[in-house]
Amino acid sequence: MKLTDTARYSAKTLLHRQARSYLTVLGIVIGIAAVVSLLTIGLGFNKAIENELSGFGFNIIYVLPYSESQLSSGSFGGTLPPSAGKLTQKDVDRVEKIPEVEFISRGIERRATVSFRDKVITLVVTGVEPGIYEKTTSIEVADGRFLVNSDRHVAVIGATVADETFGSSNKVRVNSFLAINGVKYRVIGLLKKSSSAFGSEIDNGIFVPFEDAQEIFRSSLAKDEIDYVAASLVEGADLDDVTERLKGELDAERKVKPDERDYTVMNLKTIQQPIGQVLSLVTLFLGAVAAISLIVGALAIATSMFTSVIERTHEIGVLKAVGATRGDILKVFVFEAGAVGGIGGLKFVG
């Protein structure tokens, strides 16, 4: 039997069994769509997380007064756990000894009682160094301005605090007054709502000058105590190398061994590592589901073809009677299977 005869005969057979052919093609289309969709979701999710994390800054190192065990246990975030140690100005001086450090941002971040009109709420208040803090974050001002060095008793607030925290009828605007631990602060700026999934800290934050934060929390702060340090590196600096040297400086200052550290040094890579492990598991799971979809699609085609063979024994007998060989009959069924698979693939692409 010639190849053209095989193709013509197979096409007529598929047209004669349109319902079965259509359902088989539909199964293939759904299988391919499931595979492509799941893999696309996995890769897209990875890319989205990478974009979100890039907001932390690729060349910034953070020093926090929490041991690595506290952070890895998931207790860090939301309600802050008791710090394992304390950071002071002496630690900042050690960080400044690293030649690759371009500038350092100190911060004080604690909860305070904030009142606006008739509402009293406990919120996180962050004391930052104007002119430096902006370089370590991706904040944008929506109205007013951000802090400058000469500012005192003023505040910049996040979008959620401005529009939602004190109620829809109690929106905070520029030149409104907030009372932080009983002291009045004039609002001079409103921040744009963060587009990052990790931006809730900014959206729900109140930012005041570093010196004002020292006054607000003076009863709970030790001498020269700070809550975090953000060190920005010069362009081209080796992030891992600087991180290790910074740990060495802080170990020497605090007189602790690596396994006794009561602080944590973090950079984008250390943040990405645990998240990357979770994303790898998610991608693996989606890949497994996609593989199952492929197997189901292949079994659907095989079942359809085997059933077709069983139902067409009389037809096979006729073909043999007119001189068709086993190879010719096999070509007919293989051609039909290939045609169905090809049409299913083309329909998905189309």
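Trainee: Helices here are DSSP runs of H or I with at least four residues, numbered from the N terminus. Which of them is the place of I32?
Mentor: I32 is in helix α2, which covers residues 18–53. Keep in mind that this is a predicted model.

Trainee: Let's step back to the whole protein. How many helices and strands are there?
Mentor: The secondary structure comes to 11 helices and 12 strands. The chain has 350 residues, and 41% of them are buried.

Trainee: What share of the contacts join residues at least 24 apart?
Mentor: Counting contacts between residues at least 6 apart in sequence, 74% join residues at least 24 apart.

Trainee: Give me an example from the start of the chain. Where is R8?
Mentor: R8 sits in helix α1, residues 3–16. With a relative accessible area of 47%, R8 is partly exposed. R8 and V332 are 324 residues apart in sequence, while their C-alpha atoms are 9.6 Å apart in space.

Trainee: Now helix packing. How do the axes of α4 and α8 cross?
Mentor: The axes of α4 (residues 89–96) and α8 (residues 239–254) come within 9 Å and cross at roughly 140 degrees. The crossing of α4 past α8 is right-handed.

Trainee: Which residues make the contact?
Mentor: From α4 there are K90, D91, R94 and V95, and from α8 there are L246, E249, L250, A252, E253 and R254. By type, the residues of this α4 contact with α8 divide into six charged, four nonpolar and no polar.

Trainee: Take D91 from that set. Buried or exposed?
Mentor: D91 is buried, because its relative accessible area is 3%, and buried means under 20%. D91 lies in helix α4.

Trainee: What does the D91 side chain pair with?
Mentor: The side chains of D91 and R254 are joined by a polar contact of 2.9 Å. Setting aside neighbours within four places in sequence, D91 is in contact with K86, L250, E253 and R254.

Trainee: What about S232, where is that?
Mentor: S232 is in strand β11, residues 228–233. S232 is buried, with a relative accessible area of 4%.

Trainee: Which residues does S232 contact, leaving aside neighbours within four places in sequence?
Mentor: S232 is in contact with N59, I60, E100, V101, E102 and F103.

Trainee: Last topic, backbone angles. What is the phi of R117?
Mentor: R117 has a positive phi of about 55 degrees and is not a glycine.

Trainee: Where is the place of R117?
Mentor: R117 is in the loop between β3 (101–116) and β4 (119–128). Its relative accessible area is 60%, so R117 counts as exposed.

Trainee: And H153, what is its phi?
Mentor: H153 is not a glycine either, and its phi is positive, about 55 degrees. H153 is in the loop between β5 (141–144) and β6 (154–157).

Trainee: How accessible is H153?
Mentor: H153 is at 32% relative accessibility, so it counts as partly exposed.

Definitions and conventions: Residues numbered from 1 in each chain as written. Predicted model: local features only at pLDDT ≥ 70, side-chain atom pairs only at ≥ 80, totals over all residues. Heavy atoms only, no water. Axes fitted to C-alpha atoms, helices over the stretch in contact; angles between N-to-C directions. Helix = DSSP H or I, 4+ residues; strand = E, 2+ residues; numbered from the N terminus. Left-handed = near helix turned anticlockwise from the far one by under 90°. Contact = heavy atoms within 4.5 Å. Nonpolar A, V, L, I, M, F, W, Y, C, P; charged D, E, K, R; others polar. Buried < 20%, exposed > 50% of the residue type's maximum accessible area, 1.4 Å probe, protein only. Polar contact = N/O pair within 3.5 Å; in protein donor to acceptor, adjacent residues only side chain to side chain.
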